[in-house]
Amino acid sequence: MRILVVEDDPDLNRQLCEALADAGYAVDKAFDGEEGNFLGDTEPYDAVILDIGLPKMDGLSVLEQWRRNDRNMPVLVLTARDRWSDKVAGIDAGADDYVAKPFHMEEVLARVRALLRRAAGHASSEIEVGEIRLDTRTARVTRNGSQVKLTSLEFRLLSYLMHHNGRLVPRMELIEHLYEQDFDRDSNTVEVFIGRLRKKLGAGFIETVRGLGYQVGGGADEG
Ligand code: CA
């Protein structure tokens, strides 16, 4: 899962990025509206955290332009405290949720998790496919009830496939949602991670569709 943070306050931007990275997401950041607008328009994000008050281009204009361009990723807007008009304007502009500043980081993380789940069609915070259960709140993965230890990239890859269970995920899409923008992407490493995950989760859990991509959960949506 890959997330964009657009926030001009450097401390807040850093805190958000660190908290999201700790929670297992690939994170890109922008410090003004133009840069954020460009990234959101050109890179595939699973969710965006967007400040309303931004230099160069304000957050509402950024959001409106994305929606006009059919960029439909979930967007959480950050509003100034007590500015109820910001919340209304944000939702009218196409925001999926909002958090007022100052906020508790845990609240932002919970709202991001909910946006990611809902965008992928899951109502519950636990996603279960066959023997494997992923708890999105704790980033814990269990197989038949026993915890499976995963590295952060293994978790990120598995989380993306499980959020999209029952759907064939093209290899290129998987790579794009696994790494930050600046990461030197060697697509072969995906095969390595898939191999490691198969050892930990059972050989048949992740299916490879030759030349196309990967899938968990077969055709039936069990999540
Ligand atoms: Ca701001």
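Domain bounds here come from an automatic or database domain assignment. On that basis the chain of this predicted model splits into domain 1, covering 2-119, and domain 2, covering 126-216. Taken over C-alpha atoms, the centres of the two domains sit 25 Å apart. Domain 1 puts 15 residues into the contact and domain 2 puts in 13 residues. Between them, domain 1 and domain 2 bury an area of about 1,200 Å², and carbon and sulfur atoms account for 49% of that area.

Turning to the metal site, the calcium ion takes its protein donors from Asp8 (OD), Asp51 (OD) and Gly53 (O), at 2.1 to 2.3 Å. Along the sequence, these donor residues follow the spacing D-x42-D-x1-G. Asp8 belongs to the loop between β1 (2-6) and α1 (10-22), while Asp51 belongs to strand β3 (residues 47-51), so the pair ties together parts that are 43 residues apart in sequence. The two aspartates also fall into separate accessibility classes: Asp8 is partly exposed, at 31% relative accessibility, whereas Asp51 is buried, with a relative accessible area of 4%. The cut-off for buried is under 20%, so Asp51 with its 4% qualifies.

The loop between β3 and α3 deserves a look of its own. Pro55 lies in this loop and counts as partly exposed, at 35% relative accessibility. Leaving aside residues up to four places away in sequence, Pro55 touches Asp8, Phe31, Asp32 and Gly33. One of these contacts, Asp8, is also a donor to the calcium ion. Pro55 and Pro10 are 45 residues apart along the chain, and 13 Å separate their C-alpha atoms. Lys56 is found in the loop between β3 and α3 (59-68) as well. Its phi is near 75 degrees, a positive value in a residue other than glycine, and at 63% relative accessibility Lys56 counts as exposed.

Most residues other than glycine have a negative phi, and most peptide bonds are trans. Asp70, though not a glycine, has a positive phi of about 60 degrees. This residue is placed in the loop between α3 and β4 (75-79) and is exposed, with a relative accessible area of 59%. As for the peptide bonds, the one joining Lys101 and Pro102 is cis, with omega at about -5 degrees. Pro102 sits in the loop between β5 (97-100) and α5 (105-119).

Strands of a sheet pair through backbone hydrogen bonds, either parallel or antiparallel. Here β11 and β12 (residues 213-216) pair in the antiparallel sense over 4 bridges, and Thr208 has Tyr214 of β12 as its bridge partner.

Conventions:
Residues numbered from 1 in each chain as written. Predicted model: local features only at pLDDT ≥ 70, side-chain atom pairs only at ≥ 80, totals over all residues. Heavy atoms only, no water. Pairing = 2+ DSSP bridges. Helix = DSSP H or I, 4+ residues; strand = E, 2+ residues; numbered from the N terminus. Donors = N, O, S within 2.8 Å, 3.2 Å for Na, K, Ca; no water. Buried < 20%, exposed > 50% of the residue type's maximum accessible area, 1.4 Å probe, protein only. Contact = heavy atoms within 4.5 Å. Buried area = accessible area lost by both parts, 1.4 Å probe.
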